[in-house]
Amino acid sequence: MLAEIRGLNEECGVFGIWGHEKAAEITYYGLHALQHRGQEGAGVVTTDGENLKLHKGQGLVNDVFKRVDFSKLSGHAAIGHVRYATQGERTIDNVQPLLFRSQTGSMALAHNGNIMNAFKLRGELESTGSILQTSSDTEVLAHLIKRSEKLSVQEALTDALQSLVGAYAFILLNEDKMYVALDPRGLRPLSIGRLGDAYVVASETCAFDIIGATYEREVQPGELITISDMGMETIRFATQEQRRLCAMEYVYFSRPDSDLNEVNVHASRKKMGIELAKESPVEADIVTGVPDSSISAAIGYAEESGIPYEIGLIKNRYTGRTFIQPSQELREQGVKMKLSPVRGIVEGKRVIMIDDSIVRGTTSRRIVRMLKEAGAKEVHVRIASPSIQNPCYYGIDMSTKQELIAANHSIDEICEIIGADSVAYLSAEGLEQAIVKNDSINQGVCMACMTGNYPVIEKNQQEIAYTRC
Ligand code: AMP
Ligand code: SF4
């Protein structure tokens, strides 16, 4: 829940289009649809075949492009980015796309994910004379490409991608081509579509819907796609491995109208609720979901349990963000401002409160208290995903292990801390069942923050807390 009102949680969105005379405007609309993935900054780079033109800024897409004259961003291709940033990274330099100009040509890069060995690669680059200007690991890729002795960008990019460890979805634009790459495990979402003759690429398919594009397919793990006026060419820079798409994209990050790996997000959340009701039933009068991302799971839970779904909580859409507030006290106040219980519905009732996940426990504690203050007789918390006990090294801001309530407390303790009458989480099997399609090699998901089973390992994982996106 609270995805868009909390703000910082989702980790960046990328968009690209090739072969359309209104490339910049379309990218602007695409970024709008991806706004929930990052609200700290946004940018667009276009090419007209000779020059790359950039506009970027801090803030929401609307604010960044409020006074932009799109005729100054003319061109038949564009890439765009919405940025999420952790504390200390909020400088305009880190807002993407990053644009690099040199005598041999320019290139722009937009990235979602986390390069786990960026720190090491950065050290190597600096020791051989490269000067890096931002703290973003995206810049590392640009320098690796520049440093490569290969003649074509495609070959240089292949070399560079092979030295990266981590989770990434990249779009690179130069004067005459657009390159699209996904990490060898496919941890981050990335789809390709068509808009007439134009090619489009986006983190989520909701960006295709807003511009009227049709979905074609997923970018495959370890695939490098080159798009130009000659069409689309694809190669592999890594051997095909089972996909490990981030399960939290289904649980919380992505928009319900997006399809990830051809599974609709709302439908998968509803199934999470159905599985949760099967695994952890409880006698109650109503089921309610924490708006917005838990509504689908609550509908599923109600449907399976036969207990009516009610709107027991209302979200105030016009307040600021909470998750980024520095202190716990301010965070709690933020939650209070953003949600209100519907007294007339919950008073005197035994309430099943569905939330998609618990990170620190702040939200659940606050909401349980709110419901009880509004007269709820009992509040049973049901979480539509397994407990989060491990940090994410793949680009999602999950806090440190010390802050994760489930890493440090048993379910009974959590129940007591948040003041609920009972607490239950969905099992890993239940989650997998709700999101995995069983008909292809691409079926796997990453659930490392819940299970501890990390699909990509890099030495010294603790040291890789780096500027990700
Ligand atoms: P907390 O209050 O710290 O327990 O945060 C849990 C709430 O934040 C849940 O209601 C989720 O909807 C949402 N959430 C889940 N994952 C994240 C994340 N990585 N960053 C921020 N919020 C999240
Ligand atoms: Fe997603 Fe969790 Fe895996 Fe990170 S560790 S990629 S948040 S499922």
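I started at Cys-12, which sits in the loop between helix H1 (3-6) and strand E1 (13-18). I am working from a predicted model. UniProt, in an unreviewed entry, places the feature "active site" at Cys-12. Is Cys-12 buried or exposed? I looked up its relative accessible area and found 0%. Cys-12 therefore counts as buried, since the cut-off is under 20%.

Next I turned to the sheet. I traced six strands in an open sheet, in the order E5-E6-E7-E8-E12-E13. The pairing is antiparallel. Which strands stand at the edges? I found strand E5 (98-102) and strand E13 (231-236) there. Each has a single partner strand, so one side of each lacks a neighbour in the sheet.

I then looked at how E13 is held to its partner. Strand E12 (residues 223-228) runs antiparallel to E13, and six bridges join the two. I picked out one residue of E12, Glu-223, and its bridge partner in E13 is Arg-236.

Last, I checked the helices against the sheet. Helix H5 (residues 138-147) packs on the sheet. I listed its contacts as E5, strand E6 (105-115) and strand E7 (166-174). The direction of H5 makes about 135° with that of E6.

Which strands does helix H6 (residues 153-162) lie across? I found E7, strand E8 (178-182), E12 and E13. H6 runs at about 155° to E12.

Key: Residues numbered from 1 in each chain as written. Chains lettered and ligands numbered in written order. Predicted model: local features only at pLDDT ≥ 70, side-chain atom pairs only at ≥ 80, totals over all residues. Heavy atoms only, no water. UniProt positions renumbered as here; feature names shortened; annotations may be inferred. Helix = DSSP H or I, 4+ residues; strand = E, 2+ residues; numbered from the N terminus. Buried < 20%, exposed > 50% of the residue type's maximum accessible area, 1.4 Å probe, protein only. Pairing = 2+ DSSP bridges. Contact = heavy atoms within 4.5 Å. Axes fitted to C-alpha atoms, helices over the stretch in contact; angles between N-to-C directions.
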